[in-house]
Amino acid sequence: MPVETLVWVGDRPGHVRMIEQTMLPTRFEELDVRDVPGMVDAIYRLAVRGAPAIGVAAAYGMLLGVQDLEGLSGLEMMATTREVADTLAKARPTAVNLFWALDRMVKRAQSELDGGADGDAIRDALFDEAHSIFSEDQHTCEALGRHGAKLISEGGTYLTHCNAGALATANTGTALSPFYEAQRQGKKIAVFADETRPLLQGARLTAWELMQSGIDVTLITDNMAGRVMFEGKIDAVFVGSDRIARNGDVCNKIGTYSVAVLAKEHGVPFYAVAPLSTFDRKITSGDDIPIEERPPEEITAGFGRQTAPDGVKVYNPAFDITPAHLVTGIVTEVGLIENPTQESVEAVMREAGIELI
Ligand code: MRU
């Protein structure tokens, strides 16, 4: 694993130790999170970010909220579990992994309650569930890497956007996992990383973690992606996703849609790499995905330096939707969905035992 993005420290009581990603790449600092407001703050500030990592953080956040409760009835523990989940759900709106993880924790508590468990037994079950979410994400990243690496050729050059690597998951990442796996298989590859305005997750995080791993990475600004494709430098694009609709529309960091349009124009394959926990079983179109809007200062005074006139109007959506028809394939832990359509995406979800609602 290139870096350990977040881990649970200790047994019970314990706490979460995470890389403070807002400090990278100039400072490597770790942050200990010990309560629910601290976890909401860490997720909102992007101290921990990236869809799967947000899911794990939410599950561990639930533990922070219930770990000190002793001797409650099953019903009392269930009420607290729901309350903590509701609080954590407000941290960020777009990455569905947050809601997926909270939902899974609440469902586990409910099934323990239905089986007659008291508060302490429900709490213990929640610990079990959160650790499973963490370790499943680790295995999922490996599977994404294995399936994705089949699309990577010796000597190939690939473009990625934002950070969908180790820093965004509990292991090697989503979109960057195929690169790490290709490297492990001895393939020599090169990666262009979009800097990814406005918060520069590509420059600060992707460039940093690929350099740590010895993968040949070249940083470009977002508006250079068209130029490098025009020059024939890019063999394929790999991005992660924060939410995928049942029709295959892919939501990811703002700027991904522009990259997909450019890729289509230049005949470059465009792949999204995402675990099934990123597929939203409730929605059939990207139009239904809530897009987070972040504060104007991220654009007007990013990283503390004012770069726009006082009082200028700003629009700062953090994500966009790439329609399925621009997506060559979605790499999941169970394999590649080529030219995704509602039929093919739903078939994979059903086969994985995901109940569509
Ligand atoms: O705002 P962020 O940094 O949480 O956005 C992250 C992304 O958009 C990633 O590309 C996405 O989560 C991919 S999954 C690792």
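Because the model is predicted, local features are reported only where pLDDT is at least 70 and side-chain atom pairs only at pLDDT 80 or more, while totals for chains, interfaces and linings use all residues. Residues are numbered from 1 along each chain as its sequence is written, and side-chain values use heavy atoms, with hydrogens and water left out.

The chain is divided into domain 1 (6-142) and domain 2 (146-351), the bounds being taken from an automatic or database domain assignment. The C-alpha centres of the two domains lie 25 Å apart, and 29 residues of domain 1 are in contact with 36 residues of domain 2, where contact means heavy atoms within 4.5 Å.

Secondary structure elements are DSSP runs numbered from the N terminus, with helices (H or I) of at least four residues and strands (E) of at least two; two strands are taken to pair if DSSP finds at least two bridges between them. On this basis, an open sheet of 7 strands has the order 6-5-4-7-10-12-13, and its pairing is mixed. Strand 6 (216-220) and strand 13 (335-338) stand at its edges with a single partner strand each, so one side of each is left without a neighbour in the sheet. From one strand to the next, the twist averages 25°. Within this order, strand 7 (residues 236-239) and strand 10 (residues 270-273) pair in the parallel sense over 3 bridges, and Val239 stands opposite Ala272 of strand 10.

An open sheet of 3 strands has the order 8-9-11 and antiparallel pairing, with strand 8 (243-244) and strand 11 (319-322) as the edge strands, each pairing on one side only. Strand 8 and strand 9 are joined in the antiparallel sense over 2 bridges, and the bridge partner of Arg243 in strand 9 is Cys251. The hairpin formed by these strands has 5 residues between them, and Gly248 in this hairpin takes a positive phi near 90°. On the other pairing, 4 bridges join strand 9 (residues 250-253) to strand 11, again antiparallel; Cys251 has Ile321 as its bridge partner in strand 11, and Lys253 stands opposite Phe319. Helix 9 (residues 256-265) lies across strand 9 and strand 11, running at about 30° to strand 11, with axes fitted as lines to C-alpha atoms (for helices over the stretch in contact) and angles running from 0 to 180 degrees between N-to-C directions.

Pockets were located on a 1 Å grid over the protein atoms alone, a pocket being an open set of points where a 1.4 Å probe fits, with protein on both sides within 12 Å along at least five of seven lines, and lining residues having an atom within 4 Å of a point. Grid points are joined across faces, edges and corners, and a volume is the space filled by probe spheres set on the points. The largest pocket has a volume of about 670 Å³ and is lined by 27 residues, of which Trp100, Arg104, Leu276, Ser277 and Ile354 lie nearest its centre. Helix 2 (51-66), helix 4 (96-114) and helix 5 (119-149) are the elements that give two or more residues to this lining, and helix 4 gives the most, with 7 residues. The lining divides into 11 nonpolar, 5 polar and 11 charged residues, with Ala, Val, Leu, Ile, Met, Phe, Trp, Tyr, Cys and Pro counted as nonpolar, Asp, Glu, Lys and Arg as charged, and the others, Gly among them, as polar. Domain 1 and domain 2 both give residues to the lining of the largest pocket, so this pocket lies between them.

The second largest pocket has a volume of about 190 Å³, and its lining has 11 residues, with Glu142, Thr172, Tyr180, Glu181 and Arg184 nearest its centre. Helix 5 and helix 6 (177-184) each supply at least two residues of the lining, the largest share, 5 residues, coming from helix 6. By class, this lining has 3 nonpolar, 4 polar and 4 charged residues.

A cis peptide bond with omega of about 10° joins Leu24 and Pro25, and Pro25 lies in the loop between strand 2 (14-19) and strand 3 (30-33). A cis peptide bond also joins Arg197 and Pro198, with omega of about 0°; Pro198 is in the loop between strand 5 (190-194) and helix 7 (201-212). Leu200, found in the loop between strand 5 and helix 7, has a positive phi of about 60° although it is not a glycine.
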